[in-house]
Amino acid sequence: MQSGLYIVGTPIGNLADMSPRAVDVLRGVDLIAAEDTRVFAKLATHFDIKTPRVSCHEHNERDVVPQLIEKLQNGVTIAAVSDAGMPGISDPGFRLVRAARAANIPVYVVPGPVAAISALVLSGFATDRFTFCGFFDEKKLRDDNKIRHTIIYYESPNRIMTTIAALARVMPERQIALVREITKIHEQAIIGYPADLLHIEPPRGEIVIVVAPAPEHKMSDAEISEIINDIAGENTKSAAAQLAQRTGISKKEAYKRLLNQGNADD
């Protein structure tokens, strides 16, 4: 094998997705840097990979990465793997790659499945432009809504219903796809508007949320009035900003509509 660092993709559920090249590389390197050596042990046992391994995760990267770089500089060939999918995609890996590049160490990629891309394809939403935002963060949601093309999030099953409720408040006009258990026996894509999914049975397993692009058509007056009623009780400045984000109208127009509807209600 050529000396250097190998970034190796592993299955996200179905072990049959493991590539022959990935197996060969993991058997052939001198050392494997695994996100969790216990998780990797199951994969190693299945594919008879007996290569020595060391743990490299977000909590020890600061200490471990320099040690790995030193080994690489001394001619040790290393493969990096995460618990599932491609290292560096919401998983440890990119810091090791960055350090290897800085040290002029060759870096090679052995492609494998990526949950975000698989979910995007399964959703049926536009794929020409998309933004991957990592794990869902409600604090950033209003800013995320300014992204008008497809958005992708990762989310845990214990928070998914709270997340759907947040999407219903901020992105009510955008369809979402809840894609779960990708490549596994219970793979499923649940698609609809957030408000329509508020009362579903909470999905289980690994979940990817895909948000469709914002609709190009302008909202009707009735739809805008419905949103105004939904944000009633907030101060006018905050409500105007929220109305502008959710409808695509200007803040000036949103402020005017709030005042007009308030006067009509009186």
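Q: Hi! How many helices and strands are in the chain?
A: Hello! The chain has 10 helices and 10 strands, and this is a predicted model.

Q: Is the chain a compact globule or more spread out?
A: More spread out: its radius of gyration is 23 Å, well over the 18 Å that the globule rule gives for 266 residues.

Q: Nice. What box do the C-alpha atoms fill?
A: Roughly 75 × 40 × 30 Å, taken along the principal axes.

Q: And how many of the residues count as buried?
A: Of the 266 residues, 44% count as buried. As for surface, the chain exposes about 14400 Å², and carbon and sulfur atoms supply 50% of that.

Q: What share of the contacts comes from residues 24 or more positions apart?
A: Taking contacts with a separation of 6 or more, such residues account for 64%.

Q: Let's go inside. Which residues touch the most other members of the largest nonpolar core?
A: Those are Leu5, Leu68, Val208 and Val210, in a core of 32 residues. Helix α3 (residues 61-73) gives this core its largest share, five residues.

Q: Which residues is Leu68 in contact with, leaving aside neighbours within four places in sequence?
A: Leu68 is in contact with Leu31, Ala33, Val54, Cys56, Ile78 and Leu96.

Q: Helix α3 again: is Gln73 buried or exposed?
A: Gln73, which lies in helix α3, is exposed because its relative accessibility is 52%, and the cut-off for exposed is over 50%. With neighbours within four places in sequence left aside, Gln73 is in contact with Ala103 and Ile105.

Q: How far apart are Gln73 and Ser3?
A: In sequence they are 70 residues apart, while in space the C-alpha to C-alpha distance is 9.5 Å.

Q: Switching to charges: how many salt bridges does a search of the whole structure find?
A: The search finds eight salt bridges. In one of them, Glu138 pairs with Arg169, and the closest N and O atoms are 2.6 Å apart.

Q: Which parts does that pair tie together?
A: Glu138 lies in the loop between β6 (130-135) and α6 (141-144), and Arg169 is in helix α7 (residues 160-170), so the pair links parts that are 31 residues apart in sequence. Glu138 is partly exposed at 40% relative accessible area, and Arg169 is partly exposed at 36%.

Q: What about Arg38, which residue does it form a salt bridge with?
A: Arg38 pairs with Asp36, with 3.2 Å between the closest N and O atoms. Arg38 is exposed, with a relative accessible area of 65%, whereas Asp36 counts as buried at 19%.

Q: Why does 19% count as buried for Asp36?
A: Because buried means under 20% relative accessible area, and Asp36 is at 19%.

Q: And Asp48, what does it form a salt bridge with?
A: With Lys50, the closest N and O atoms being 3.8 Å apart. Asp48 is partly exposed at 46%, while Lys50 is exposed at 70%.

Q: Last topic, the surface. Which residues make the nonpolar patch of about 270 Å²?
A: That patch is made by Ile117, Val121 and Phe130.

Q: Where is Val121, then?
A: Val121 is in helix α5 (residues 115-123), and it counts as exposed at 59% relative accessibility.

Technical notes. Residues are numbered from 1 along each chain as its sequence is written. This is a predicted model: local features need pLDDT of at least 70, side-chain atom pairs count only at pLDDT 80 or more; totals for chains, interfaces and linings use all residues. Side-chain values use heavy atoms; hydrogens and water are left out. Patches are made of residues with over 30% relative accessible area and no salt bridge: like charges are joined within 9 Å, nonpolar side chains (Val, Leu, Ile, Met, Phe, Trp, Tyr) within 5 Å. Accessible areas come from the Shrake-Rupley method with a 1.4 Å probe; for residues, only the protein chains shown count as cover. A salt bridge is a side-chain nitrogen of Lys or Arg within 4 Å of a carboxyl oxygen of Asp or Glu. Helices (H or I, at least four residues) and strands (E, at least two) are DSSP runs, numbered from the N terminus. Buried means under 20% relative accessible area, exposed over 50%, partly exposed in between (1.4 Å probe, protein chains only). A nonpolar core is a set of buried Ala, Val, Leu, Ile, Met, Phe, Trp, Tyr and Cys residues joined through side-chain atoms within 4.5 Å. Contact means heavy atoms within 4.5 Å. The radius of gyration is taken over C-alpha atoms; the globule rule is 2.2 Å times the number of residues to the power 0.38.
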